[in-house]
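Let's take a look at how two chains meet in this model. Please have the sequence and the 3D view at hand as you read on.

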Amino acid sequence: MTLKVDNISGVSNVLRVAHPNVIYQPGQIIQVKWSRAMQRIRYNIPNNDGGSRGDVFATGISEGGTVIRPLDVTIQPKSLDSYIFVEFCVAYEAHHDIVFNIVRDGMLVGAAFGNVNDVVYNSRWTGAGISRYDNNNDSTPSHICLPWVDRPGTTSPVTYGFAARSSGGSNHEFMLNTTYGSYLNGQDAYEVGVSFGIAQEIAF
Amino acid sequence: MSTTLRNLEPRSGNEIVFNAAHQMQHQGKVVQTITTTTHTRTTYTASGSGNGTQITQLNLTITPYRADSTIWLRWTVAYEAHHEVIFLVQRDSTLIGYNTDLGNNRWSGIVTAQYDNDYSTTPQVSTINWFDPAGTTAARTYQLCVRSASSTSYTFGLNRSLASAGADGQEVGVSHGIAREICG
């Protein structure tokens, strides 16, 4: 049924659409989901090479990198053709030879693919984001906000993950929310932070 | 009255108009947005004691429509500061935004100023997020704060370098804050 109107008014100024229903228009943010991670965790980041867009990684370690699970954010799109604007804002310390990618249900979707058609080649030194060079791998965390726009084409729940991968011949450690020098509890001048995953469904 | 329908269209034209006082809500929808922008070039002191120094130009005041909403706070700040300066969030001067799993130590915050070994002429930009359950429909003000992570106090330059409020090679920026109510 299609209803045609000029104006809509709600009772007591509010028109409430009962959960889980929605009313939306193209371009509108339909819903926002988020995760927040406060754990201080040390990850060993290998330098897996290869892999293609769409590869599925069942384990925590993938060709897209090691998935930093506490940042996983799950969203159930209301519409098949929606876009998902996903962003990870991460406090971390890591060597500058690390790149970051984004996975959806373990599948690499957010990466700097080396092929112009954006579907084939994925080397260990390509990433959707890059660890900042600061020449300090001891006492000062860095931070990054890494965005990606995806179109999952489903109304089933999807989980986005943030993955880190060494870009060179050496493995490196990635410290979530903390520093190399004092990773469990921090101390004076060894700061501890908080990280977020954010997913916004945007109506097509 | 409850109406069930699949599509809603304007009777004519391309708009369905909501009276300014009316709102449409569903769970997860952003039902209001408050913003602030500051071009002010000033300095603050980030002390290693207390719950942070408020960057008052970036205060965000919002009155939630619903107590079960969540307030998504986000600041993008141009600044220069020592790398032992961390960002925190207060609500009505009460500290809420830091690593609560660790506890309220002076080195516990949300993000830290980037280490760049230059504390004179080059500002940097950081984005700070926080999510706060609304809890009530009362107006509240969220404050972005800075604190030193050590016993040494540091100067925080908002929208400017530490060396000057603007000169050749000493850049000036603009900072923003945004608060969104995500409907519960």
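Across the interface of chain A and chain B, 31 residue pairs are in polar contact, with both partners at pLDDT 80 or more; the model is a predicted one. On the side of chain A that touches chain B, the elements giving two or more residues are β1 (2-5), β2 (7-8), β3 (14-16), β4 (29-37), β9 (83-94), β13 (142-150) and β16 (195-202) of chain A. Of these, β4(A) gives the most, with six residues.

| Class of residue, chain A side | Number of residues |
|---|---|
| Nonpolar | 25 residues |
| Polar | 19 residues |

How much area do chain A and chain B bury between them? The figure is about 5,000 Å², and 54% of it lies on carbon and sulfur atoms. Within the area that chain A buries against chain B, D6(A), R16(A) and H143(A) supply 13%, more than any other three residues. Counted by residues, the contact takes 54 from chain A and 60 from chain B.

Strand β1(A) pairs with strand β1 (residues 7-10) of chain B in the parallel sense, over four bridges. In β1(B), N7(B) is the bridge partner of T2(A).

Methods. Residues numbered from 1 in each chain as written. Chains lettered and ligands numbered in written order. Predicted model: local features only at pLDDT ≥ 70, side-chain atom pairs only at ≥ 80, totals over all residues. Heavy atoms only, no water. Contact = heavy atoms within 4.5 Å. Buried area = accessible area lost by both parts, 1.4 Å probe. Polar contact = N/O pair within 3.5 Å; in protein donor to acceptor, adjacent residues only side chain to side chain. Nonpolar A, V, L, I, M, F, W, Y, C, P; charged D, E, K, R; others polar. Pairing = 2+ DSSP bridges.
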